[in-house]
Amino acid sequence: DANDLQCYGGVAPREEQSGDRKIARCRYNANHVLQTNLFLWAKVTVIWCPWAKAFYEHYRKRGMWSTDIYRRLAAKWTRILWKCWQTGQPYDEAKWMETLNTRGSWLYEATLKVKQTIPKFMKVTCE
């Protein structure tokens, strides 16, 4: 399932507990090629995908490190990838936003507030 893919890709944290203390740690025993690709995929989507940018900005304002945010975002993308793979349907941004809206997710509202800007070096002009 999607959780197994997340664990194999190293984006799902593993929890350790000792007494009252719980710690979430990185998975070191993972497919590092897949882990790197998921991380880079998440990093690039912050530029191109409005909800990913809203996700990043939300957690950044809470003081979380960028690498942790990218790992969480990669875990989210892995679940989306899994669903697309199982249904045989391509990813549809409008359908994903509709799903966020019907579930009453904070991410839907945050996405509506985000101003999507594409960096200058990535803009293509047709003349």
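Predicted model: local features only at pLDDT ≥ 70, side-chain atom pairs only at ≥ 80, totals over all residues.

Colleague: How do you know that the length of helix α4 agrees with its number of residues?

Modeller: Helix α4 covers residues 66–87, and because 22 residues at 1.5 Å a residue should span 32 Å, the 31 Å between its end C-alpha atoms agrees with that expectation.

Colleague: Which residues of α4 are buried?

Modeller: The buried residues of α4 include Ile69, Leu73, Trp77, Ile80 and Cys84, and Arg71 is also one of them.

Colleague: Why is threonine 111 called buried?

Modeller: Buried means under 20% relative accessible area, and threonine 111 has 8% relative accessibility, so it counts as buried. This threonine 111 belongs to helix α6, residues 106–113, and, with neighbours within four places in sequence left aside, threonine 111 is in contact with Pro50, Trp51, Ala54 and Met97.

Colleague: What makes up the lining of the largest pocket, by class?

Modeller: The largest pocket holds about 490 Å³ of space, and among its 16 lining residues Ile80, Lys83, Cys84, Trp96 and Thr99 are the closest to its centre. By class, the lining has seven nonpolar, three polar and six charged residues.

Colleague: Which helix gives the most to that lining?

Modeller: Helix α4 gives the most, with seven residues, while α4 and α5 (93–103) each supply at least two.

Methods. Residues numbered from 1 in each chain as written. Heavy atoms only, no water. Helix = DSSP H or I, 4+ residues; strand = E, 2+ residues; numbered from the N terminus. Expected span 1.5 Å × (residues − 1). Buried < 20%, exposed > 50% of the residue type's maximum accessible area, 1.4 Å probe, protein only. Contact = heavy atoms within 4.5 Å. 1 Å grid on protein atoms, 1.4 Å probe; cavity = no way out; pocket = protein on both sides within 12 Å on 5 of 7 lines; lining within 4 Å. Points joined across faces, edges and corners; volume = space filled by probe spheres on them. Nonpolar A, V, L, I, M, F, W, Y, C, P; charged D, E, K, R; others polar.
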